[in-house]
Amino acid sequence: MKYLFFKDASYDYGAEVEKVKIGSLWMAVGMYEDGDAKKLIKNNKEKISEIDQAQYEELIEKKTQSVTGRVFKTQPQDATKDPNAVYVEEKTKPTSRKAKELVSVGEAVVENPLEGKD
């Protein structure tokens with residue numbers, strides 16, 4: 001059994017291949033009998049290379065994994081405003097309140113630590 005790596009997944013090699021997306025490129029791999037693999041390599045020397053079983057299994061595993069990429073951050077925008085313009089947000093002044101509303105004064109019981117020591 002031979003494992004082959006195909007550089008161009010869209011090319012017709014005359015055999016079934018498993019397409020794998022690596023980064024942003026599509027590659028292909030395949031597992032073939034020795035005789036079939038030799039014929040494929042002979043007919044397409046520049047586009048096919050032989051890989052070992054571990055590399056083949058790693059590429060097949062990548063086939064099932066999701067491709068990670070850049071995540072673009074989006075912001076909701078008002079459709080009525082020009083997206084290229086810079087708008088200043090209006091600052092609202094907080095309503096002022098009287099000091100009596102802000103501070104509450106109560107009674108406190110203070111113990112004298114010096115009392116009772118003789």
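Phe5 stands opposite Val29 in strand 3, and the place of Phe5 itself is in strand 1. Strands here are DSSP runs of E with at least two residues, helices are runs of H or I with at least four residues, and both are numbered from the N terminus. The model is a predicted one, in which local features need pLDDT of at least 70 and side-chain atom pairs count only at pLDDT 80 or more, while totals for chains, interfaces and linings use all residues. Residues are numbered from 1 along each chain as its sequence is written, and side-chain values use heavy atoms, with hydrogens and water left out.

Phe5 counts as buried, with 17% relative accessibility; on this scale, buried means under 20% relative accessible area, exposed means over 50%, and partly exposed lies in between (1.4 Å probe, protein chains only). Leaving aside neighbours within four places in sequence, Phe5 is in contact (heavy atoms within 4.5 Å) with Met27, Ala28, Val29, Lys47, Ile48, Ser49, Ile51 and Leu59. The C-alpha atoms of Phe5 and Ala15 are separated by 12 Å, with the two residues ten apart along the chain.

Strand 1 (residues 2-6) runs antiparallel to strand 3 (residues 25-32), and five bridges join the two; strands count as paired if DSSP finds at least two bridges between them.

Two of the facing pairs are Val20 with Met27 and Ile22 with Leu25. Strand 2 and strand 3 form a hairpin with two residues between them, and Gly23 in the turn has a positive phi of about 70°.

Taken as a whole, the open sheet holds four strands in the order 2-3-1-4, with antiparallel pairing. Strand 2 (18-22) and strand 4 (48-51) stand at the edges with a single partner strand each, so one side of each is left without a neighbour in the sheet. Neighbouring strands are turned by 30° against each other on average, direction ignored; axes are lines fitted to C-alpha atoms, for helices over the stretch in contact, and angles run from 0 to 180 degrees between N-to-C directions. Helix 1 (residues 34-43) packs on this sheet and touches strand 1, strand 3 and strand 4, its direction making about 25° with that of strand 1.

How many salt bridges are there? The count comes to one, where a salt bridge is a side-chain nitrogen of Lys or Arg within 4 Å of a carboxyl oxygen of Asp or Glu. Lys2 forms a salt bridge with Glu50, and the closest N and O atoms are 3.8 Å apart. Lys2 lies in strand 1 and Glu50 in strand 4, so the pair ties together parts that are 48 residues apart in sequence. Glu50 is partly exposed, at a relative accessible area of 44%.

Asn44 is placed in the loop between helix 1 and strand 4 and counts as buried at 10% relative accessibility. Beyond neighbours within four places in sequence, Asn44 is in contact with Tyr11 and Tyr13. The C-alpha atoms of Asn44 and Phe6, 38 residues apart along the chain, are separated by 9.3 Å. Lys73 lies in the loop between helix 2 (53-64) and helix 3, and counts as exposed at 84% relative accessibility. Between the C-alpha atoms of Lys73 and Lys47, 26 residues apart along the chain, the separation is 39 Å.

Leu102, Val103 and Val105 form a nonpolar patch on the surface, with about 340 Å² of accessible area together. Patches are made of residues with over 30% relative accessible area and no salt bridge, like charges being joined within 9 Å and nonpolar side chains (Val, Leu, Ile, Met, Phe, Trp, Tyr) within 5 Å. Accessible areas come from the Shrake-Rupley method with a 1.4 Å probe, and for residues only the protein chains shown count as cover.
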